[in-house]
Amino acid sequence: MRLIKLFHVLTAAVMALSVNLQAQSKPAPSDFLEKAWQQAGGATAFAGRDAWRNELKSTIQQRINTLPAATKAGLIEDAEKALTFKWPAVTADLYLQYRDNGNRINFETVQGERRRMMVALIAGELVEHKGRFMPQIANGLWLVLEESTWVLPAHIGVQKSGANLPDPSEQIIDLVAGETAVTLSWAQFLLREDLDKYSVIINKRIDYELDRRIYTPYLQRDDFWWMGFKGGQVNNWNIWINNNILKTALLNLDNTDKRNAVIAKSIRSADNFVNAYAPDGGCDEGPSYWGHAGGKLIEMLESLQSASGGKLDFSKNPLMHAIGAYIYKMHVDSNRFVNFADASARSIPPPQDVFMYGQLYHDTLLTKFGSYLYGLGHPDKERLKASALAEFVYELLLGDDIRRTPAAAPYTAVNWLPDLQVLSLRSRAGTPKGLFLAAQGGHNAESHNHNDVGNFVLYVNGQPAIIDVGVGTYTKQTFSKDRYQLWYMQSQWHNCPTINGIQQQDGRRFQAGDVSFKQRPDGGLLKMDIAKAYPEAALVNSWVRTWNFTANNATVVLTDEYDLKEWKEAFRCNLMSPQAPDTSKAGVLVIKGNGNDLVVNYDPALLEVTTTQQPIDDPRLSSVWGNSVTRISMVAKKQQLRGKYTIKFALK
């Protein structure tokens with residue numbers, strides 16, 4: 001009996017130790033936002049909200065008054081064009097196209113056009129302030145308020161009625177519902193008196209619809225997946241929606257208790273987004289989504305800080321600073337960014353968000369980069385386009401400071417994100433000239449994932465040579481169980497090997513292992529085992545991939561050392577290029593470039609080269625790459641279970 005009792009005691013102790021170790025292996029959530037809110041006094045931190053609103057409105061009006069004459073003329077011209085706009089109908093069959101054939105573009109185009117025209121009219125009225133745009137503004141507002149839902153057809157499926165027409169008995173909040181809410185709140189905030197002169201019902205209707213569609217479901221429900229209260233992975237949806245709802249409440253909601261409840265919940269929910277970030281601040285959704293992830297975070301931080309009179313201060317938080325700095329670490333040149341996951345190889349992150357990070361953290365790399373990005377998006381700095389009301393307001397508030405700041409891209413030489421397992425290196429710091437490498441480990445369950453563990457890209461003088469194709473136009477299939485039937489999601493269309501005829505598989509357990517980076521004065525070496533990114537059918541024990549980057553002579557040596565369980569068919573080392581290479585000489589490939597060519601050397605005794613041209617008929621991809629891309633496949637010539645090969649990339 002004593003032995004049995006001792007056994008139970010020891011078992012309990014082991015179990016307790018196991019639980020304790022598990023708890024230690026998963027760090028406690030940081031909850032930076034809620035802690036700052038509590039330290040600032042909770043709801044009392046926003047007691048000066050009315051004064052903040054008055055000052056904000058006064059500042060915006062001052063900035064409008066001091067806009068250059070040419071800028072005002074351009075905004076009025078755009079509003080005049082919108083005076084004759086025929087507002088398109090949002091019909092049931094248009095809404096149901098997504099359900100019936102997967103098309104989401106037709107509805108989103110009509111919905112987006114309504115909002116863009118309304119914003120152009122509002123901007124024109126704010127500048128001219130003669131009342132001649134008010135009837136058409138009222139038309140636009142009323143049509144939006146009359147919409148059965150502000151939720152996209154692609155997102156309505158979470159309602160109990162499933163993917164169908166919106167159920168009037170259940171209010172859903174998605175990205176566009178949040179965007180619509182903040183647009184309405186800005187419109188009301190900036191034109192409240194003018195709207196009342198036209199019809200006192202419009203402001204009442206805005207209040208009613210915001211309460212019915214936004215505040216009530218937001219406060220009553222915790223089960224929207226993007227809130228993060230029920231576990232699971234959150235992404236840009238969380239911070240994008242929370243930021244918009246917080247700003248909407250600060251601008252629109254006069255009921256103090258309800259407004260404070262919205263503020264508190266937005267803070268708790270947004271912490272679920274921030275808690276998911278590792279110390280390196282890396283965004284697994286890629287730079288194209290950073291503007292809706294890290295970019296929305298800084299907008300929310302700014303709202304909390306300014307509306308509280310500085311009581312909520314995040315300027316000493318290194319994680320949030322790192323989330324901001326991520327964006328320049330993934331920059332190649334001009335509007336080209338590293339585009340792992342569902343990112344595009346061409347994009348311009350929101351300049352105002354980058355600039356605000358620089359302001360908050362006194363980081364001149366970010367303020368100058370924000371100015372640089374502003375120049376890319378505003379080639380005519382006197383011509384402003386009011387495409388979204390919130391962005392137009394940021395332009396008014398920050399535009400002068402951004403334009404006065406010297407524009408510069410950091411072009412940092414070494415950026416290693418150990419948690420995200422993404423590396424970028426360039427052979428010449430401070431310039432896009434030379435060779436640029438970005439490579440990744442990670443896993444195949446990242447947000448907006450592609451099956452791409454061990455993928456990499458190479459740019460020559462800022463121009464693409466070895467590429468990540470990116471993602472096509474979103475359809476129903478993009479976020480369905482058939483996602484990985486899309487060719488550009490598959491590892492064989494990334495710069496990854498195909499092993500025994502088998503591609504990588506999606507899922508969290510398909511990941512890189514033993515990832516390490518060693519920096520040297522002249523470059524660095526990234527190493528990882530990507531075997532676990534493949535299913536059992538690949539019959540691979542290990543596949544150790546190494547990139548040896550040497551800055552002095554602008555070279556990258558890719559080495560794959562493999563150990564197979566069985567040999568089924570020759571492996572393929574796939575390389576994607578925007579153009580067909582010159583393959584006329586055995587052992588050498590040449591990818592033509594602007595100023596320099598990329599020369600690719602390999603051992604023709606070990607590898608045989610084949611090329612496949614992949615046509616592109618998707619406008620989202622063709623706008624970046626043209627009508628086709630080329631897959632270069634280096635196929636093993638020897639049947640052996642263990643081996644190694646190297647591929648050298650160098651500038652010519």
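Student: What does "buried" mean here?
Tutor: A residue is buried under 20% relative accessible area, exposed over 50%, and partly exposed in between (1.4 Å probe, protein chains only). At 0% relative accessibility, Cys 496 therefore counts as buried. Keep in mind that this is a predicted model, where local features need pLDDT of at least 70, side-chain atom pairs count only at pLDDT 80 or more, and totals for chains, interfaces and linings use all residues. Residues are numbered from 1 along each chain as its sequence is written, and side-chain values use heavy atoms, leaving out hydrogens and water.

Student: How many disulfides does the structure hold?
Tutor: A disulfide is a pair of cysteine sulfur atoms within 2.5 Å. This structure has zero. For Cys 496, the nearest cysteine sulfur belongs to Cys 573 and is 9.0 Å away. Cys 573 is buried too, with 0% relative accessibility.

Student: Which residues touch the most other members of the largest nonpolar core?
Tutor: Such a core is a set of buried Ala, Val, Leu, Ile, Met, Phe, Trp, Tyr and Cys residues joined through side-chain atoms within 4.5 Å. Among its 150 residues, the answer is Trp 186 and Leu 304. Helix H9 (residues 175-198) gives the most to this core, twelve residues. Helices are DSSP runs (H or I, at least four residues), numbered from the N terminus.

Student: How do H9 and H10 cross?
Tutor: Axes are lines fitted to C-alpha atoms over the stretch in contact (heavy atoms within 4.5 Å), with angles from 0 to 180 degrees between N-to-C directions. The axes of H9 and H10 (residues 200-220) come within 8 Å and cross at roughly 160 degrees. Angles over 145 count as roughly antiparallel, so H9 is roughly antiparallel to H10.

Note on methods: Helices (H or I, at least four residues) and strands (E, at least two) are DSSP runs, numbered from the N terminus. Angles under 35 degrees count as roughly parallel, over 145 as roughly antiparallel, 65 to 115 as roughly perpendicular and the rest as oblique.
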